[in-house]
Amino acid sequence: MSSPEIASLSWGQMKVKGCSTTYKDCKVWPGGSRTWDWRETGTNHSPGVQPADLEEVVKKGVQTVVIGRGMSEALQVPASTVEYLKKNGIDVLVLQTEKAVAEYNALAARGVKVGGVFHSTC
């Protein structure tokens, strides 16, 4: 199962190929995507992305996770979150969201089992 291409990104809106939903923030993995609802884990810009935000993506058997920190990189990613991924044998890239989407799409196009979480505003 391949990772779906992120078809478009603009402030506050993301579209994933093959999905009719327009996301504000989203999670993607081989074979699927869904809204990333920060309220599920109590996530805020600071301290930022928690391991709990990534568990669902990790369980999909990804090799790499790409984290999009927002258009202005307001979303923090603590070292503990990066360590969580590394301990699970997963490569991690933490980038500004436009760069993160480009990198994610490039990895997906090469057939890498890549997942990601992307914040599309600040």
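Guide: Before we look around, one rule: two strands count as paired if DSSP finds at least two bridges between them. Keep in mind that this is a predicted model.

Visitor: Fine. What makes β2 and strand β3 a pair?

Guide: Two bridges join β2 to strand β3 (residues 22–23), and at least two are needed, so they pair. The strands run antiparallel, and methionine 14 stands opposite tyrosine 23 in β3. Five residues lie between the strands of this hairpin, and in its turn glycine 18 has a positive phi of about 85°.

Visitor: And how do you know that strand β1 pairs with β2?

Guide: By that rule again. Four bridges join strand β1 (residues 6–10) to β2, and the rule asks for at least two, so this counts as a pair. Here too the strands run antiparallel, with serine 10 opposite glutamine 13. The hairpin of β1 and β2 has two residues between the strands, and glycine 12 takes a positive phi near 80°.

Visitor: Now the rings. Why is the pair of tryptophan 36 and tryptophan 38 called tilted?

Guide: There are two aromatic pairs in the structure. In this one the centres are 5.6 Å apart and the planes stand at 55°.

Visitor: What makes tyrosine 104 and phenylalanine 118 an edge-to-face pair?

Guide: Their centres lie 5.7 Å apart, with 80° between the planes. Over 60 degrees is called edge-to-face, so that is the label. This pair links distant parts of the chain: tyrosine 104 sits in helix α3 (residues 97–109) and phenylalanine 118 in strand β8 (residues 114–119), 14 residues apart.

Visitor: Why do you call tyrosine 104 buried?

Guide: Its relative accessible area is 0%, and buried means under 20%, so tyrosine 104 qualifies. Phenylalanine 118 also has 0% relative accessibility, so it counts as buried.

Visitor: How do you know that the buried residues of α2 line one face of the helix?

Guide: In helix α2 (residues 79–87) the buried residues are Thr81, Val82 and Leu85. Seen down the axis, they fall within an arc of 100°, so they line one face. In an α-helix there are 3.6 residues a turn, so residues three or four places apart point the same way. The face of α2 turned away from the buried side carries the exposed residues Ala79, Lys86 and Lys87. Cover for the buried residues includes α1, β6 and β7.

Visitor: What makes β5 and β7 edge strands?

Guide: The open sheet has five strands in the order β5-β4-β8-β6-β7, with mixed pairing. β5 and β7 each have a single partner strand, so one side of each has no neighbour in the sheet. Four bridges join β4 to β5, which run antiparallel, and lysine 27 stands opposite arginine 34.

Visitor: Which strands does α2 lie across?

Guide: β6 and β7, running at about 150° to β7. Helix α1 lies across β4, β5, β6 and β8, at about 35° to β4.

Technical notes:
Residues are numbered from 1 along each chain as its sequence is written. This is a predicted model: local features need pLDDT of at least 70, side-chain atom pairs count only at pLDDT 80 or more; totals for chains, interfaces and linings use all residues. Side-chain values use heavy atoms; hydrogens and water are left out. Rings of Phe, Tyr and Trp (its six-membered ring) pair if their centres lie within 6.5 Å; planes under 30 degrees apart count as stacked, over 60 as edge-to-face and the rest as tilted. Buried means under 20% relative accessible area, exposed over 50%, partly exposed in between (1.4 Å probe, protein chains only). The arc is that of the directions from the helix axis to the C-beta atoms. Contact means heavy atoms within 4.5 Å. Axes are lines fitted to C-alpha atoms, for helices over the stretch in contact, and angles run from 0 to 180 degrees between N-to-C directions.
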